[in-house]
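Please take a moment to look over the sequence and the fold before reading on, and keep both in view as you go.

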Amino acid sequence: MSINPKTKFKDFYKYILPLYSPQNKIPVKGYGSTIWVQDGRDYIDFSGGIAVNALGHSNPVLLEALKEQSKKVWHVSNSYTNEPSLCLAKKLVKNTFADKVFFCSSGAEANEAALKLSRRYAYNHFGSKKNIIISFKKSFHGRTFFTVNVGGKNNYSHGFGPSPFCIIHAEFNNIQNFRKVINNYTCAVIIEPIQGEGGINVANYSFLKQLRNLCKIYNALLIFDEVQCGMGRIGKLFTYMHFKIKPDIITLAKSIGCGFPLAAMLTTNKVGEAFSIGVHGSTYGGNPLACAVGNIAFDVISNKEVLSGVKRKNKLLKQHIKRINLEFNIFKEVRGLGLLIGIELNKNYINIGRKILKVAFENGLMLLNAGPNVLRLAPSLLISIEEIEEGMSRLYTTIKCIKQNFKYLEYLC
Ligand SMILES: Cc1ncc(COP(=O)(O)O)c(C=O)c1O
């Protein structure tokens, strides 16, 4: 039985808290990097569910893993362990600097765990006064009360009463500023090596290197939030490998579960020892269904050809973006690595990022923004060349529409 899309869309505002403003069509089916909505129209997905659908929609290999596990055991609680979580933890440890894994279900939870672990580690080793967390302006680490305050966007944390104490926001890629704020009371420094929500800002190698050294000097733990940029997204399995800088903790989510809610915090034995039975936990952490998907996702993503494909596709996307800009002169800069690409709009087009997403959607393209002035592309790592070509042709049409109808954009809400 088909449902009238208008009726169903009204239900969104009637029954769901108005925290989001979704596009006006409801996706009902997806395959690869193409999505179909209720009326049958197709869309090329350059958004990847905000860097989540790393292996596309309805990937048969993931479906099979989920189906197989669903016939065995769905959930057992952490009073027991389970095969998929043990297997995935082993893979993560074997392929990283880490010795131990904590599983949870979202990026915010992974960061919450990392921040709590850092405070507990400092408390155990250096006493209660070493509790300051340094993060960076424009950063985003999640929406729990702790992580949203650690994040560097005031508009997300404002208006919820007193904030947790001892959090400092330093300037991204500014080592002089950082040197002024780090001291013996700093327990952790958390950074996205590539800021996602903040506008696809890539950290400088020398900045990260000095951060690493200063953290060592002041006995502060260095946390890389790789929730958005990790797990193959930039053409390396993990972003810290690209920079060849070893943090003390990394956090993962999004691509690790390819759309199934799965997240993880990875650390060393030395740091992990600060957590003991009952100190932290999560009902769904290590869920067998999620980890079964995570296992297969890991195997596919760590394949060398998949990773080198990410770099090739980056080049192809950038060529198209350049070509579009040669004709329309609307982009100021293209940033990012692999399949996490940010396109900053030039000064004549500021603050229209969300409007461009609407026009793109009308033209059959799912895009993202990263702040009001940056368009973001975070498609599946397996996106095909044909899907890239088709998506870029739809981006061309979108930008042409923007250029021709610029003065009417203000009427678009
Ligand atoms: C870098 C980063 N950290 C943390 C989060 C929060 O993840 P989640 O929404 O799964 O809690 C996000 C989400 O976009 C993110 O991009």
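The paragraphs below go from the basis of the model to a helix, then to the ligand, and then to a threonine.

This is a predicted model, in which local features need pLDDT of at least 70 and side-chain atom pairs count only at pLDDT 80 or more, while totals for chains, interfaces and linings use all residues. Residues are numbered from 1 along each chain as its sequence is written, and side-chain values use heavy atoms, with hydrogens and water left out.

The buried residues of H9 are Phe207, Leu208, Leu211, Arg212, Leu214 and Cys215, where buried means under 20% relative accessible area, exposed over 50% and partly exposed in between (1.4 Å probe, protein chains only). An α-helix has 3.6 residues a turn, so residues three or four places apart point the same way. The buried residues of H9 pack against strands E5 (132-136), E7 (186-191) and E10 (221-225), and against helices H8 (175-181) and H10 (239-243), a contact being heavy atoms within 4.5 Å. After H9 comes asparagine 219, which has a positive phi near 50 degrees.

A polar side-chain atom of aspartate 225 lies 2.8 Å from a ligand nitrogen atom, and an N or O atom in the side chain of lysine 254 is 3.1 Å from a ligand oxygen atom.

Finally, find threonine 251 in strand E11 (residues 249-252). Threonine 251 counts as buried because its relative accessibility is 0%. Its side chain makes a polar contact of 2.8 Å with the side chain of asparagine 111; such a contact is a pair of N or O atoms within 3.5 Å, and within protein one must be able to donate a hydrogen and the other to accept it, with residues adjacent in sequence counting only if both atoms are side-chain atoms. Among the residues that threonine 251 touches is Asp225, the aspartate already met beside the ligand.

Methods:
Helix = DSSP H or I, 4+ residues; strand = E, 2+ residues; numbered from the N terminus.
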